[in-house]
Amino acid sequence: MRKVSRMGGTALIAGTALPVPPVVIDPERVVRRLLTIRGLHNYTPRDLVAAVDFLEAGQHSFPFAELITPPRPLEELNQAFALAELAGGARIAVVPTR
């Protein structure tokens with residue numbers, strides 16, 4: 001289990017409203033690190049603004065770039081969908097063509 005939160009922190013699981021493979025959680029680490037695990041199904045616009053603000057503020061402190069693939073052009077959308085099935089949890093970045 002990777003370090004997902006600081007001591008006493010909260011790990012939030014969001015965006016998995018469809019069936020996904022099970023996640024392995026080490027209960028000893030959860031207890032020792034005093035972690036809270038929360039699930040989020042829906043959010044408000046205010047929540048989205050707070051999330052984007054967090055990403056912007058933490059961009060140099062957290063490895064967010066590891067969560068997405070290098071951007072692919074919109075013309076490669078079919079390949080991006082194929083890659084999504086193999087990506088192991090990474091999000092696939094697709095950008096419009098200029």
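## Exposure classes

Partly exposed describes a residue whose relative accessible area lies between the buried class, under 20%, and the exposed class, over 50%. By that scale Glu 28 is partly exposed, because its relative accessible area is 39%. The model discussed here is predicted.

## Salt bridges in the model

Three salt bridges are present in the structure. Side chains of opposite charge can pair when their charged atoms come close.

## Glu 28 and Arg 32

Glu 28 pairs with Arg 32 through their side chains, with an N to O distance of 2.2 Å. Both residues belong to helix H1, which covers residues 27–32. They are four residues apart there, so about one helical turn separates them.

## Asp 26 and Arg 29

A salt bridge also links Asp 26 to Arg 29. The closest N and O atoms of this pair are 4.0 Å apart, and the cut-off for a salt bridge is within 4 Å.

Asp 26 has a relative accessible area of 27% and is partly exposed. Arg 29 is likewise partly exposed, at 36% relative accessibility.

## Arg 72 and Glu 76

Which residue forms a salt bridge with Arg 72? The partner is Glu 76, and the closest N and O atoms are 2.9 Å apart.

Arg 72 has 25% relative accessibility and counts as partly exposed. Glu 76, at 28%, is also classed as partly exposed.

Technical notes. Residues are numbered from 1 along each chain as its sequence is written. This is a predicted model: local features need pLDDT of at least 70, side-chain atom pairs count only at pLDDT 80 or more; totals for chains, interfaces and linings use all residues. Side-chain values use heavy atoms; hydrogens and water are left out. Buried means under 20% relative accessible area, exposed over 50%, partly exposed in between (1.4 Å probe, protein chains only). Helices (H or I, at least four residues) and strands (E, at least two) are DSSP runs, numbered from the N terminus.
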